[in-house]
Amino acid sequence: MPTLLGQNQYGKAENRVVRITRDGGTHHIKDLNVSVALSGDMHDVHLSGSNANVLPTDTTKNTVFAFAKEHGIDSAEAFGIRLARHFVTSQQPIHRARIRIEEHAWERIPAAGLDRGEHSFVRKGQETRTTEVAYDGEQWQVISGLTGLVVLNSTDSEFWGFVKDGYTTLQETRDRILATEVNARWRFGWTGAAGQDVPPWEESYAAVRGDLLGAFAETYSLSLQQSLFAMGSRVIDNSAAVAAVDEVRLSLPNKHHFLADLAPFGLTNDNEVYLAADRPYGLIEGTVLRDGAEARIPVTD
């Protein structure tokens, strides 16, 4: 039976580029992990081995570093957009470019009494910022996000009224610790169409992060699913003030905290001492959409 070539793409993955911008004695740092994926008229290279339409992956790597020098890195989103536009518009066989970026954040180390300038940094230990830019020559799709943002409410969370069968041992609770690691992606309504303003990417990231944290902290939660919907809804409801978000995809592993059994020691545990279990864990995932928007963020990737 004949075989057919399906979807395909190629590029250079995980290009670690660090860009230092020197403003006199004050330095600014951008630390990115950039992955490039290109697709288009690539049948011949798969079917006959002809490389006539292939831009080498080594060239895509070089472009990432050259663009960091020539254009700087104002934001991960802006850098990804610049790269995607370049690959699609400069190479006729390339019809679509997808740029994925992880950003590792740094903050300054104060150095009192020194006059050598501000150039010492410590790596931030919380979330990793993510960006995915896709361009097909006509429309843009920008999905920003974060991973690894660990949050905890020590009260204002319950879990009861759930289904019980012969294998259920979990006890209902009216007061529990609710902890999770927020992994979120959000898709902007911006597509590059005429009349659309380019979102302020840095300000938007800070606003969305703040909305996610605010909704988690302020929601009296009867389930992690309820918190998920509240977090996604707040991002969409508030985003218009900075840059409209049409879709939020959240993956929230439940970081379980179980009351430690202190009875063998003659001690009463009044919601004070917990065993933090890292696995297995409940995994709560869901998408929140602006009314009328389509779901475009992949459920699995």
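Reader: What are the ground rules here?
Author: It is a predicted model, where local features need pLDDT of at least 70, side-chain atom pairs count only at pLDDT 80 or more, and totals for chains, interfaces and linings use all residues. Residues are numbered from 1 along each chain as its sequence is written, and side-chain values use heavy atoms, with hydrogens and water left out.

Reader: What's the strand order in the sheet?
Author: E1-E2-E3-E6-E7-E8-E9-E12, an open sheet of eight strands with antiparallel pairing. Strands (E, at least two residues) and helices (H or I, at least four) are DSSP runs, numbered from the N terminus. Two strands pair if DSSP finds at least two bridges between them.

Reader: Which strands stand at the edges?
Author: E1 (15-23) and E12 (283-289). Each has a single partner strand, so one side of each is left without a neighbour in the sheet.

Reader: How many bridges join E9 to E12?
Author: Seven, with E9 covering residues 245-253. Glu-247 stands opposite Leu-289 in E12.

Reader: And which strands does helix H5 touch?
Author: H5 (residues 224-239) packs on the sheet and touches E8, E9 and E12. Contact means heavy atoms within 4.5 Å.

Reader: New topic. Is Glu-132 buried or exposed?
Author: Buried, because its relative accessible area is 13%. The cut-offs are under 20% for buried, over 50% for exposed and partly exposed in between (1.4 Å probe, protein chains only). Glu-132 lies in strand E6 (residues 128-135).

Reader: Which side chain does Glu-132 join in a polar contact?
Author: That of Arg-100, at 2.7 Å. A polar contact is a pair of N or O atoms within 3.5 Å; within protein, one must be able to donate a hydrogen and the other to accept it, and residues adjacent in sequence count only if both atoms are side-chain atoms.

Reader: What about His-104, buried or exposed?
Author: Buried, with a relative accessible area of 12%. His-104 is in strand E3 (residues 94-104). Among the residues it touches, not counting those up to four places away in sequence, are Asp-31 and Arg-123.

Reader: Now rings. How many aromatic pairs?
Author: Six. Rings of Phe, Tyr and Trp (its six-membered ring) pair if their centres lie within 6.5 Å; planes under 30 degrees apart are stacked, over 60 edge-to-face and the rest tilted. Tyr-135 and Trp-140 are stacked, 3.8 Å centre to centre with 10° between the planes.

Reader: Why is the Trp-190 and Trp-201 pair edge-to-face?
Author: Because their planes stand at 80°, with centres 5.9 Å apart.

Methods
Axes fitted to C-alpha atoms, helices over the stretch in contact; angles between N-to-C directions.
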